[in-house]
Amino acid sequence: MTTLHNIHVPILVVLAGSAFLAMAVAGCAARSPVSSPTCSISAGKAPGADGFVRRWLILEPIRVNGQLTDSDVRAAVKKEYFPNQLTIIPHDGDKVTVGGTELTWHAVDTNDYNVNLYYFAYGLGKPTSNVLFWAVTIVNCPQKTPGVRLAIGSNAASVWWVNDQEVIGIYGDRQTVIDDGVSKRLTLEKGPNVVRCAIINGGGATDFCARFLDGEDRPLKGFTVSVDDAGR
Amino acid sequence: MNPIHPAESLLFVRLIMLLMGSVALWVSPVFALDGQVQIHDPSTIMQCNGKFYTYGTGGSSLVSDDGWTWHRGVTPARRGMAPDIIHLGDRYYLYVAANIGGQPRAAVNMISSKTLDPNSPDYKWEEGGIVASSNGVEFCNAIDPGLFLDPADGKLWLVYGSYFGYLRLVQLDPKTGKRVDPNDKPVDIAINCEASILIYRDGWYYLLATHGSCCRGADSGYNIRVGRARKVTGPFLDHTGLDMLLGGGKLFVGSGGRVIGPGHFGLLDLGDGVQKYSCHFEADLDRGGASVVDIRPLLWKDGWPVAGDNFKEGVYAVESVRTGTALELAVEGVPVGGRRSRGARGATPGGPGAGGSGRGMFGGQGGVIPPQDVAEVSKTWPAGNVGIRMSNYLCQAQQMWDVTPVANAGGYPGAPYFKIAIAGTDRTLAVGEDGELVAVPAFTGGHEQLWRLDQLADGTWRIMPKFAPTARESLTLSAVGSSFATLAKFDPASDKQRWLFKTP
């Protein structure tokens, strides 16, 4: 994949209300309400005290009908848009073709607990409504860690996988709430663990957040997040 | 004012009450204790080697394996009126009162044993002597003992008295159960009541005493009242500031429903902040008017104890205190009244732009929208096990839980185990083999499908399975996320395991 620490195309600092969100997106042109200085992306980013995963590879949005019922979302996620969409570990800058349109994977860092997909797409000049986003990241664990849970929030519906196993599905028109969808207990393997999600937005704002909880429902720490080859 | 009865008369009346109860046609009630529960003036309920015991007037006793189903126990070594019991060190101390001649000449005797289990080789009551008395002239009738071990300083106290004059307080030795100094002058702490006991919480001492008339079946005016003080010796004031020495007392619990005349409060502290209280009702109308023991939740509000109610069966939305979302079957919901798209804003009901219906975007569909037909909407639900999740309450069928007691499945102090199923179906909340929640397609009575419902001090509920396959400890329904519930160890300091049962 593209070496992340060589990327210096930062783009967004978004002011949404009084909330200040800073997000760096690799390799994309800026179309931001507010430009920002460089926020470099380096390998092996550890989660903060709150445990949120702040580094992702995100595919430019795919147009869908934006319906958010359980069955609509499941049908939208089940559809194959590009080869190996449920197993691929993309590189920054990789491209796929969906319905004749070429879409690019972007490595993204955020300083906030959440990843603002609206501004991600807006900054790329892409649609923000009636769209599906694919996102992937690699969680590197120093040891096998059983009994943890993936805990996510998303605007709007989303489906999540850990190491190719579906672990969460939340549906309907909803806002991002920390620890909204929580998986059953699962095991993170020693080394890389692939976390993948599909997020569908009907209209308006769209974002997501994700972290792991330990056996006592506290934020899991002690791991790093990468989106480069070392994470495979 | 209550008349003073000759001692024999009062004892006779209380014994008659017991006999009436024992021969009455017993109809199993749904929400009172199960089994043989007839007793008058029950002591504080005591746990010993996993069993629950209580002792009443006339040598009566009851024992239970689970606090729900009771049966007759063994008469202790000393009979009398209205005993109370406390566990100190390695012994159980039972205090039993008796009138000596005519009221108000009376005495409280103490006996003790290492165990309450008559089958144990350690079961042997030893006499401990008189710890309090009244001489028949003084303004006190030394019956109805109540024991209190002060958690603040470890001191042991005995409060006693019955209508004739004062309730009095004397200090006992927690190592022996006897008076610290028999010559100490008792402290007067209340007047014109009986069946009293002290409890402590957050720097306050609470005196719970019974007002009204006893022993008249369904015509008994018995009711439990409370005052509080910063010192164990009082003054105990009620919520209006009236001293219990002047007749004050905030109502804790009176007659209600089909049970008449509660008296003889006893604290049953189950740990983890779960408290219950025991009492007798002078007359249970569903048990032929017999006097029966009951166990109910003890709640707290604004620094005062509040009598909770045991769970009442019905159909409820089960809402997490932490998240405000409701427990539901993980199936695609159907909006009540049918699905509608989100139209453009601006039109008002019946206003401009209302369209052909005249109702507009916010005018609804007219008429009364009936409750969702679960038989209809469930046609698309998967067969077999279905996951459990939480969502915003939308009055939909997969959010309606029918909570019903299960007969002959045992229980816990105060209540039976419950089945929790989607109303109109047999899809039952259960613990799956992976230790997570699941709805099984049909109720089989398995322990993983039985639920314990304890009301907590703030009035919310703790929901626990009788059995979880993977658990080594008791687990509680826990809102780990806004949209997901699991089972986890109970944390009294957290809202995760506090639930509301709301009537849809």
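Student: Let's turn to the strands. How many bridges join β8(A) to β14(A)?

Tutor: There are 11 bridges, and the two strands run antiparallel. To find your place in this pairing, look for A:T137, which stands opposite A:V195 in β14(A).

Student: How does β10(A) run relative to β14(A), parallel or antiparallel?

Tutor: Antiparallel, with six bridges joining β10(A) to β14(A).

Student: How should I think about the side chains along a strand?

Tutor: In a regular strand, side chains alternate between the two faces of the sheet. As for burial in this structure, eight of the 11 residues of β14(A) are buried, so β14(A) is largely enclosed by the rest of the structure.

Student: What does chain A look like as a whole?

Tutor: Chain A has two helices and 16 strands. Of its 232 residues, 47% count as buried. Contacts also tell you how the chain folds back on itself: among those between residues at least 6 apart in sequence, 76% join residues at least 24 apart.

Student: How many residues does each chain bring to the contact between A and B?

Tutor: Chain B gives eight residues and chain A gives 13 residues. On the side of chain B that touches chain A, two residues are nonpolar, three are polar and three are charged.

Student: Where in chain B is the pLDDT below 50?

Tutor: As a general idea, where pLDDT is low, the predicted coordinates should not be read in detail. Chain B averages a pLDDT of 91, and 90% of the residues score at least 70. The pLDDT is below 50 over residues 1–30, a stretch with 48 contacts in the model beyond near neighbours in sequence. It is also below 50 over residues 349–355 of chain B, where the corresponding number of contacts is 17.

Student: What ipTM and pTM does the predictor give the complex?

Tutor: The ipTM is 0.83 and the pTM is 0.88.

Technical notes
Residues numbered from 1 in each chain as written. Chains lettered and ligands numbered in written order. Predicted model: local features only at pLDDT ≥ 70, side-chain atom pairs only at ≥ 80, totals over all residues. Contact = placed C-beta atoms within 7 Å. Nonpolar A, V, L, I, M, F, W, Y, C, P; charged D, E, K, R; others polar. Helix = DSSP H or I, 4+ residues; strand = E, 2+ residues; numbered from the N terminus. Buried ≥ 20, exposed ≤ 12 C-beta atoms within 10 Å, placed from the backbone. Pairing = 2+ DSSP bridges. pLDDT = per-residue confidence, 0-100.
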